[in-house]
Structure formats: structure tokens, C-alpha cells
Amino acid sequence: VLAKLNSQSRPRSSNIAESKTLKSAANVGAKDISVPLQRLGTNLLANVQINRASVPLLLDTGASITALDTHLINKLNLAPTGQVIQISTANGLREARLYKAHQVQLGRFTINNLTVAEIDLGRNSSFKGLLGTDLLNSVNRDYAYLIDNQRGALIFKPKNF
């Protein structure tokens, strides 16, 4: 499985640092948006809608770009961008083709035309891709995010807190 994805064309956002400064997950407020997470061993999965198909993605805050399995990309008939990037995996550097997902929905957030990388997870994987920080940071620039392990949720907090 992939250890980390790095897109050479995308700098990491400062939202990660901002998210770590949140005082406590116990301070969940009325304006916060919660996305349920499912535990799979030590991993956390988020159910994401991609072009209206429900897809379990592994939450990977070390991945700078969201990546989808080759079979899922073909099933969803995602449009290739013609671009290729280098990604860093547990097995070394690999090239990954990029595709456009017309519509991605994470909880109440909708992202249009999200660029995703192609990876091969094999047919027996219990998840169909990696939810990277690009998607987490693009859901809404007015929110920071945190992972609440006790509640089993990804919490988006307004940045004006």
C-alpha cells in the first residue's frame, strides 16, 4: 500500500498546521461539520461520493493528492488529463497518470473537477483509493479539519473560531 503521495506541482497547504492548532476535539460547535469515519484495523475510511458513486477512501493525511484505484477510474469513466506525476510509494517512485473527477462529495461539501492520481491497489483492497490533503483542503477554504478518534469523525471547523 502507498506510504505517501507527493505531487511535484502542488505545494502543501498551511491548513494542516492550522488544523493541528485546534484546542480540542471536545470543542465541537454547532457550525462544525462532521463526516463519519469507519475504522478498519488502524486505518480510517471515509465514504466519498465520486460522480454519484459511493466510494470508501482511506484517510491519508500524508498523501498530498487524492488517488483512486485503476479499476475504479475505469468503472467511473474518469477523463484523463494527459498529465503524469511522480509519486512516492512504499515500493519507491512511480509515475501516476492524472484524471478529473467531475464531482466529489465529502459530507456536505462538493468539489467540482478534482484532479486525482491513478494507483493500483489490487482487486482485494477494502478501500478504493486514498483521500489526500488536497481534497481535505479544497472542501472549503473557510474550514480547518481535525480527526476526532473518539467520535470516529472528520470534523471541519470554521476558521473564524
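What follows is a chat about a predicted model of one protein.

Visitor: Hi! What kind of model is this, and which residues count for local features?

Guide: This is a predicted model, in which local features need pLDDT of at least 70, side-chain atom pairs count only at pLDDT 80 or more, and totals for chains, interfaces and linings use all residues. Residues are numbered from 1 along each chain as its sequence is written, and side-chain values use heavy atoms, with hydrogens and water left out.

Visitor: And what is the mean pLDDT?

Guide: The mean is 82, and 81% of the residues reach 70 or more. pLDDT is the predictor's confidence in each residue, from 0 to 100.

Visitor: Where does pLDDT stay under 50?

Guide: Over residues 1–26, for which the model has 54 contacts beyond four places in sequence. A contact means heavy atoms within 4.5 Å. Where pLDDT is low, the predicted coordinates should not be read in detail.

Visitor: Good to know. How many helices and strands are there?

Guide: The protein has three helices and 10 strands. Their order from the N terminus is α-β-β-β-β-α-β-β-β-β-α-β-β. Helices (H or I, at least four residues) and strands (E, at least two) are DSSP runs, numbered from the N terminus.

Visitor: How much of the protein is buried?

Guide: Buried residues make up 45% of the 161 residues. Buried means under 20% relative accessible area, exposed means over 50%, and partly exposed is in between, using a 1.4 Å probe and protein chains only.

Visitor: Which residues have the most contacts inside the largest nonpolar core?

Guide: Those are Ile 50, Leu 106, Leu 131, Leu 154 and Phe 156, in a core of 31 residues. There is also a second, separate core of 13 residues, which includes Leu 45, Ile 65, Ile 87 and Ile 119. A nonpolar core here is a set of buried Ala, Val, Leu, Ile, Met, Phe, Trp, Tyr and Cys residues joined through side-chain atoms within 4.5 Å. In soluble globular proteins, nonpolar side chains tend to be buried together.

Visitor: What does Leu 131 touch?

Guide: Leaving out residues up to four places away in sequence, the residues that Leu 131 touches include Ala 46, Val 48, Leu 57, Thr 66, Leu 106 and Leu 136.

Visitor: And Leu 44, is that buried or exposed?

Guide: Leu 44 counts as buried because its relative accessibility is 12%. Leu 44 is found in strand E2, and among the residues it touches, not counting those up to four places away in sequence, are Leu 37, Leu 59 and Ile 147. Leu 44 and Leu 154 are 110 residues apart in sequence and 9.7 Å apart in space, C-alpha to C-alpha.

Visitor: Switching topic: how many salt bridges does the count come to?

Guide: The count comes to three, where a salt bridge is a side-chain nitrogen of Lys or Arg within 4 Å of a carboxyl oxygen of Asp or Glu. One of them joins the side chains of Lys 157 and Asp 32 at 2.8 Å, N to O.

Visitor: Is Lys 157 buried or exposed?

Guide: Lys 157 counts as buried, at 7% relative accessibility. Asp 32 is buried as well, with a relative accessible area of 15%.

Visitor: Which residue forms a salt bridge with Arg 97?

Guide: Glu 118 does, with the closest N and O atoms 2.8 Å apart. Arg 97 lies in strand E6 (residues 92–106) and Glu 118 in strand E7 (residues 109–119), so the pair ties together parts that are 21 residues apart in sequence. Arg 97 is partly exposed at 48%, whereas Glu 118 is buried at 9%.

Visitor: What about Asp 148, what does that pair with in a salt bridge?

Guide: Asp 148 forms a salt bridge with Arg 151, the closest N and O atoms being 2.8 Å apart. Asp 148 counts as buried, at 3% relative accessibility, and the bridge partner of Asp 148 in strand E10 is Ala 153.

Visitor: How do E9 and E10 pair?

Guide: E9 and strand E10 (residues 153–158) pair in the antiparallel sense over six bridges; two strands pair if DSSP finds at least two bridges between them. They form a hairpin with four residues between them, and Gly 152 in the turn has a positive phi of about 65 degrees.
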